[in-house]
Amino acid sequence: MMPSRHTELITEEERGILRALLYFDLFQYPLTEAEIGTFSTVPLSTDWTAALMRLCDRGWIVKQGDYYSLKENSFRIARRIAGNERARQSMMTAKRMSRWVYRIPFVRAVMLSGSISKGYMDTNSDIDYFIITAPNRLWLVRAALAIIRRVFMLNSHRYLCTNYFIDDEHLEITEKNIFTAVETRTLIPMSGRQVVSRFRNANEWIKDYLPQSEFEAVDSEQGSFRLKSILEHALPDAWFTRLDRWLLAKSKQYWKQRYASSLNDQEFSIAFESAPHVSRSHPEFYQKKIIKQYQNAVLQLEQQLGISLEP
């Protein structure tokens, strides 16, 4: 884009603020001042709120009560407040389910992901979980949870939606972009304190996208369960590993038959990343859609305001 007459008027801090608001605008989610500080895409000074006020004064963003957004919209604020309350009410269920999941053999850590990890839930939102397993046991855990959901929850994902697994020897998220940075930053630890700490250390790369963002203190349950330990040693390691690989092969075969025709090879490998150390299953490839929408939103705002949001 050619520099515009307004390019020199916008500071790096203002760019970071606008990009944060743009990203969450995709979800119709106005932000508080603290949240803007967390999700700014550039480092902010101690008096960065002056930049926030300048943007308000120019009419480029608006403040309604405690919330900031790109344009005035009382409905979105009411929607957010209601969604925040639903998420708060759902946390008791999420904590109870997380404790239960942590008792399953070979589970090493449980974190909340998806909308509930942002403190928001729609009326039809599921409770999403990000699960870390022991090495060579990921697909056993995944199968066990799928069976439990089918048998005891009539295959409902409402309270137990598990679509991302990694093992504790491969803790770094391989896909690195604004979407995965936000998702990683907002994970809420529920169980497995030591493994969660290692996971966070392995994913400091999020600061390349969210330099202001710091992980909050880990206060997740850490315990040992005798029955869990007994079941983990019920069969020889080689037998468990062989079964784990068989489940991996069967899952890949199923997903290819069902979804490969709707995605190209590269998209399929990302949306259904399947290896001994990782399982990700996102049929709608939500990540690609959000990144594309974000890029388009940046271009549209640049054209609308006559500015550049590039560093």
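**Helix H9.** I listed the buried residues of H9 and got Phe-240, Asp-244, Leu-247, Leu-248, Ser-251, Trp-255 and Tyr-259. Buried here means under 20% relative accessible area, exposed means over 50%, and partly exposed lies in between, with a 1.4 Å probe and protein chains only. Helices (H or I, at least four residues) and strands (E, at least two) are DSSP runs, numbered from the N terminus.

The model is predicted: local features need pLDDT of at least 70, side-chain atom pairs count only at pLDDT 80 or more, and totals for chains, interfaces and linings use all residues. Residues are numbered from 1 along each chain as its sequence is written, and side-chain values use heavy atoms, with hydrogens and water left out.

I then asked what the buried residues of H9 pack against. The partners are helix H5 (138-152), H8, helix H10 (265-271), E7 and strand E8 (278-280). Contact means heavy atoms within 4.5 Å. I also checked the length of H9, residues 237-259: its 23 residues should span 33 Å at 1.5 Å a residue, and the end C-alpha atoms are 33 Å apart, which agrees. The expected span is 1.5 Å times one less than the number of residues. As background, an α-helix has 3.6 residues a turn, so residues three or four places apart point the same way.

**The sheet.** I traced an open sheet of 6 strands in the order E6-E3-E4-E5-E8-E7, and its pairing is mixed. Two strands count as paired if DSSP finds at least two bridges between them.

Strand E3 (residues 107-113) runs antiparallel to E6, and 3 bridges join the two. Within that pair, Met-111 stands opposite Pro-189 of E6, and Val-110 has Ser-191 of E6 as its bridge partner. Helix H4 (residues 74-102) packs on the sheet, touching E3, E4 (128-133) and E6, and its direction makes about 160 degrees with that of E3. Helix H7 (residues 193-202) packs on the sheet too, touching E3, E4, E5 (161-167) and E6, at about 65 degrees to the direction of E3. Axes are lines fitted to C-alpha atoms, for helices over the stretch in contact, and angles run from 0 to 180 degrees between N-to-C directions.

E3 and E4 are antiparallel, with 6 bridges; the E4 partner of Met-111 is Phe-130. E4 and E5 are parallel, also with 6 bridges, and Ile-132 has Ile-166 of E5 as its bridge partner. I counted cover as well: 6 of the 7 residues of E3 are buried, and for E5 the count is 7 of 7.

**H1 against H3.** Helix H1 (residues 12-25) and helix H3 (residues 49-58) pack at about 70 degrees, with axes 9 Å apart. They are therefore roughly perpendicular to each other; under 35 degrees would count as roughly parallel, over 145 as roughly antiparallel, 65 to 115 as roughly perpendicular and the rest as oblique. H1 contributes Glu-13, Glu-14, Ile-17 and Leu-18 to the contact, and H3 contributes Ala-51, Leu-52, Arg-54, Leu-55 and Arg-58. By class I noted 5 nonpolar, no polar and 4 charged residues. Ala, Val, Leu, Ile, Met, Phe, Trp, Tyr, Cys and Pro count as nonpolar, Asp, Glu, Lys and Arg as charged, and the others, Gly among them, as polar.

**Two buried residues.** Ile-290 lies in helix H11 (residues 286-305) and is buried, at 2% relative accessible area. Leaving out residues up to four places away in sequence, I found Ile-290 touching Tyr-23, Leu-26, Phe-27 and Phe-179. Ile-290 and Tyr-23 are 267 residues apart along the chain, and their C-alpha atoms are separated by 8.7 Å.

Asn-203 sits in the loop between H7 and helix H8 (226-232). Is Asn-203 buried or exposed? Asn-203 counts as buried, at 0% relative accessibility. Its contacts, neighbours within four places in sequence set aside, are Leu-171, Glu-172, Ile-173, Thr-184 and Phe-215.

**Positive phi.** I noted Gln-28, a non-glycine residue with phi near 55 degrees, in the loop between H1 and helix H2 (33-39). Gln-28 is partly exposed, at 34%. Phe-106, also not a glycine, has phi near 75 degrees and is found in the loop between H4 and E3. Phe-106 is buried, with a relative accessible area of 8%.
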